[in-house]
Amino acid sequence: MPTIDDVAKLANVSRATVSRVLTGTRGVREDSREAVLKAVEVLDYRPSFAAQTLASNTSGYIGMVLPAHEASFSATLLPRLSLAVKALNKSLLIQYVNDENEQKAAIHSLNHQCAAVVTLSSASSDMPANVIAFDTFSTKGSASQGYNYAFAAESACRYVLGKGHRSIALLVDNEEDAASKQMLEGYRSVLQNYSLPFNRQLLVMANSNIEQALLKLINSFTKYTAIIAKRDSYAAEAMRLLREFNIAVPQEVSIVSLEDSPLASLLYPPLTCIAYPVDQLLEQCIQRIQSLIDGHPVFVEEGKSITGRLVARASVTDINAV
């Protein structure tokens, strides 16, 4: 299905010019108008309600699609995003989803009501132009950029390696999740740099059942002294289960998370994290929403990425000192 960006590319004009032609706005050169109309005819383009409201700034809503299992992270993000959206004189519409098919349906539904739709996972290439991935941003034709999960996983690995740990488990969402793929990339890179073997039994996939995934690790009798988890909620569940099996944290198993939500400091022991930079990513997200509302292109510095910072607490022990 052709998009407004396809029309703009074929007509060799900006996306905003296409929007002005389709809504009958004055101030468009005749040759540009004719080029747009010809491109529309060639591509058989049919503008959606979302594109029309985006062009005329009449939509009063911004959509947000969130995975149901990310409830703890949602509690961190949503209040800040809601305030930022309110400052744009918009209201936030939220839908929770359980899988990729539900996400696509939710995006389709919100796309007909909202000026922009924000997701936590990467938007696929066939998504409408007003869909924004919260922690990934890119320019047309360039590689995706944004939060660097690979660097976060590398940082966590190097931190626990510096504490003497050599058998490290990695706890991610699933094989298809883009952030999890980046985490695995960073994890394997560090293992290679330290000449350590990659043990697939230490790669733990939550697959929407974090308890079952952790029990499989615990019952495997595979040696590990540290766990790196994508989310604080995963780390909290690991602490709970390890405690039930009389495995002490951090004396026997150290844990690091790549989030640092309010939950992290409330756990016992308090959780060491590579802090997810929600404020920086929120600022980038709001800039992209504003650009969509204004009909201006979003310029992203090539190669730019955002990294987290280490927040050392008590969930990691130095086994070199034992």
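**Inside a predicted model**

Reader: Buried or exposed: which is Cys157?

Author: Cys157 is buried, at 1% relative accessibility. Buried means under 20% relative accessible area, exposed over 50%, and partly exposed in between (1.4 Å probe, protein chains only). This is a predicted model: local features need pLDDT of at least 70, side-chain atom pairs count only at pLDDT 80 or more, and totals for chains, interfaces and linings use all residues. Residues are numbered from 1 along each chain as its sequence is written, and side-chain values use heavy atoms, leaving out hydrogens and water.

Reader: And what is the relative accessible area of Cys273?

Author: It is 0%, and Cys273 counts as buried.

Reader: How many disulfides are there?

Author: The structure has 0. A disulfide is a pair of cysteine sulfur atoms within 2.5 Å.

Reader: How much of the chain is buried?

Author: Of its 322 residues, 49% are.

Reader: Which residues touch the most other members of the largest nonpolar core?

Author: Met64, Phe134, Ile227, Ile255 and Ile289, out of 79 residues in that core. A nonpolar core is a set of buried Ala, Val, Leu, Ile, Met, Phe, Trp, Tyr and Cys residues joined through side-chain atoms within 4.5 Å. Another core, of 11 residues, lies apart from it; Ala8, Val18, Val40 and Tyr45 are among its members.

Reader: Back to Ile227. What is it in contact with, leaving aside neighbours within four places in sequence?

Author: Its partners include Ala169, Leu171, Leu242 and Ile255. Contact means heavy atoms within 4.5 Å.

Reader: New topic. How many helices and strands?

Author: The chain has 12 helices and 13 strands. Both are DSSP runs, numbered from the N terminus: helices are H or I, at least four residues, and strands are E, at least two.
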